[in-house]
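Biologist: I would like to learn how to read a fold, then single residues within it. Can we take it step by step?

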Amino acid sequence: MVGLLIGVSATAVYASAAESRVYNFGPIGGYSYYNQATVEKTGDNVYYTAEIGSQNSGKIPVGYMSAGPRLFKGDALCKASEMTYNSGL
């Protein structure tokens, strides 16, 4: 993880963020995709996302792509979101 420390007066705010490399895969059903995950911690809050899209900016039919981020600490699953499917590009 990459760390960032920002000092404000006598109070310090701790934030850190990390992202995966972009993974390209396909073609699957004639479409080539990419995906990438990010995680950010600000104070006591942790935000995590997964992004998926078309490698070639083409239109992909509704429901062909999905993303469902999961956050692990070591081998332990800490948080998970439901799969979200594309509504169209």
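Biologist: Which pattern does the chain follow, read along the sequence?

Modeller: Keep in mind that this model is predicted. Along the sequence, the pattern is β-β-β-β-β-β-β-β-β. The chain has nine strands and zero helices.

Biologist: How do I read burial for the chain, and what share of the residues counts as buried?

Modeller: Buried means under 20% relative accessible area. Here, 16% of the 89 residues count as buried. The chain exposes about 6,700 Å². Carbon and sulfur atoms supply 54% of that area.

Biologist: Now one residue. Is Gln 36 buried or exposed?

Modeller: Gln 36 sits in strand E4, which covers residues 31-42. Its relative accessible area is 19%. The cut-off for buried is under 20%, so Gln 36 is buried.

Biologist: What does the side chain of Gln 36 reach?

Modeller: It reaches the backbone oxygen of Ser 20, at 2.8 Å. Setting aside neighbours within four places in sequence, Gln 36 also has contacts with residues including Glu 19, Arg 21, Val 22, Thr 49 and Glu 51.

Biologist: Ser 32 is in strand E4 too. How does its accessibility class read?

Modeller: Ser 32 has 22% relative accessibility.

Biologist: How far apart are Ser 32 and Ser 57 in space?

Modeller: They are 9.7 Å apart, C-alpha to C-alpha, and 25 residues apart in sequence.

Conventions
Residues are numbered from 1 along each chain as its sequence is written. This is a predicted model: local features need pLDDT of at least 70, side-chain atom pairs count only at pLDDT 80 or more; totals for chains, interfaces and linings use all residues. Side-chain values use heavy atoms; hydrogens and water are left out. Helices (H or I, at least four residues) and strands (E, at least two) are DSSP runs, numbered from the N terminus. Buried means under 20% relative accessible area, exposed over 50%, partly exposed in between (1.4 Å probe, protein chains only). A polar contact is a pair of N or O atoms within 3.5 Å; within protein, one must be able to donate a hydrogen and the other to accept it, and residues adjacent in sequence count only if both atoms are side-chain atoms. Contact means heavy atoms within 4.5 Å. Accessible areas come from the Shrake-Rupley method with a 1.4 Å probe; for residues, only the protein chains shown count as cover.
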